[in-house]
Amino acid sequence: MIILKIGGSILTNKDSKMSEVNPTSLKRIASEIKASMDASPKQLIIVHGAGSFGHPPAKKHKIGEAFDESEYPQKRLGFCEIQNEVKKLNMYLCEAFIKEGIPVIAVPASGFITASNKRITSGNLDLFKNYLQKGFVPVIYGDVVLDDELEFCVISGDQLIQYLAKNLNPDQVVLGTDVDGVYDKNPKTHDDAMFFDKFTSLDDLDTFEGTTNVDVTGGMVGKIKELLYLADLGIESKIINAEVEDNIFKVLENKDVKGTIISRGN
Ligand code: ADP
């Protein structure tokens, strides 16, 4: 079983204030996944980020922050707005994948996951197992969920990766993003950023910068934290650049791809 995350940065124009899908990369990624599924049978779960569909409304409605009781109706509507926006991106993705012949089935987190203080506390994954057994490719994505402390919160695709991997014990966990992997500082803003083939501790980061993007869920640092947690459980993951053509195909076929392995070993 492989859990593959496709970052919102690849699927959308994440810096944009508007919901904009990137149809070219969507189609390319779909065809790389299909080629790999044709090349060798595999169980695949896809997780995707929310990109420019989710982050601006999440920021606008300050979901996950404390609020006054009188604001409840407005917050609740904001929750609905975000859920609807991320659903749209998921619909574009599923449409492109089905066109390519990949049997994707959306399993939105807001439909079965709950959290406490922004961390997932429950979510029965039996349905995932059933869909996998029947040859489907389940797709889950960054979404809003009910939170028993904060009422509402946003759950990132990266936290979903962690939750799924912890509970389903996959053979491979891969995250595709728009940089080659982890550097000691943001490579988009620092020309001298140093690349890590292997990343074992947050102490290796030079600057603790989140991301260049409008991300309420933690950007690269948030991603690494989730993956180090998995590493503590003995589950290795790899961050690769999904903008580089064929990288997704190669990684799914266990071929060598430049990227950062997140693990606690040396
Ligand atoms: P995605 O949407 O693909 O999940 P994010 O936009 O959340 O990804 O995070 C990826 C971004 O994190 C990169 O585009 C990069 O600009 C930024 N970033 C910040 N710090 C680092 C770092 N130390 N190493 C790599 N990327 C970093």
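Author: Terms first: two strands pair if DSSP finds at least two bridges between them. Strands (E, at least two residues) and helices (H or I, at least four) are DSSP runs, numbered from the N terminus.

Reader: And the ground rules?
Author: This is a predicted model, in which local features need pLDDT of at least 70 and side-chain atom pairs count only at pLDDT 80 or more, while totals for chains, interfaces and linings use all residues. Residues are numbered from 1 along each chain as its sequence is written, and side-chain values use heavy atoms, with hydrogens and water left out.

Reader: OK, which residue in β5 is the bridge partner of T114?
Author: S122. A115 stands opposite I120 in β5.

Reader: In what sense do β4 and β5 pair?
Author: Antiparallel, over three bridges, with β4 at residues 114-116 and β5 at 119-122.

Reader: How many residues lie between them in the hairpin?
Author: Two. N117, in that turn, has a positive phi of about 50°.

Reader: What is the strand order in the open sheet?
Author: β5-β4-β7-β8, four strands with mixed pairing. β5 and β8 are the edge strands and have a single partner each, so one side of each is left without a neighbour in the sheet. From one strand to the next the twist averages 50°; the axes behind such angles are lines fitted to C-alpha atoms, for helices over the stretch in contact, and angles run from 0 to 180 degrees between N-to-C directions.

Reader: Switching to helices. At what angle do α2 and α4 cross?
Author: Roughly 45°, with the axes of α2 (residues 23-39) and α4 coming within 9 Å. That makes α2 oblique to α4, since angles under 35 degrees count as roughly parallel, over 145 as roughly antiparallel, 65 to 115 as roughly perpendicular and the rest as oblique.

Reader: Which residues of α2 and α4 meet there?
Author: From α2, L26, K27, I29, A30, S31, I33 and K34; from α4, Y92, L93, A96, F97 and E100. Contact means heavy atoms within 4.5 Å.

Reader: Is α3 mostly covered or mostly exposed?
Author: Mostly covered: eight of the 10 residues in α3 (51-60) are buried, meaning under 20% relative accessible area with a 1.4 Å probe, protein chains only. Among the buried ones are F53, H55 and P56.

Reader: What do they pack against?
Author: The buried residues of α3 pack against α1 (8-11), α4 (72-100) and β8 (151-155).

Reader: And which residue with a positive phi follows α3?
Author: K62, with phi near 50°.

Definitions and conventions:
Buried means under 20% relative accessible area, exposed over 50%, partly exposed in between (1.4 Å probe, protein chains only).
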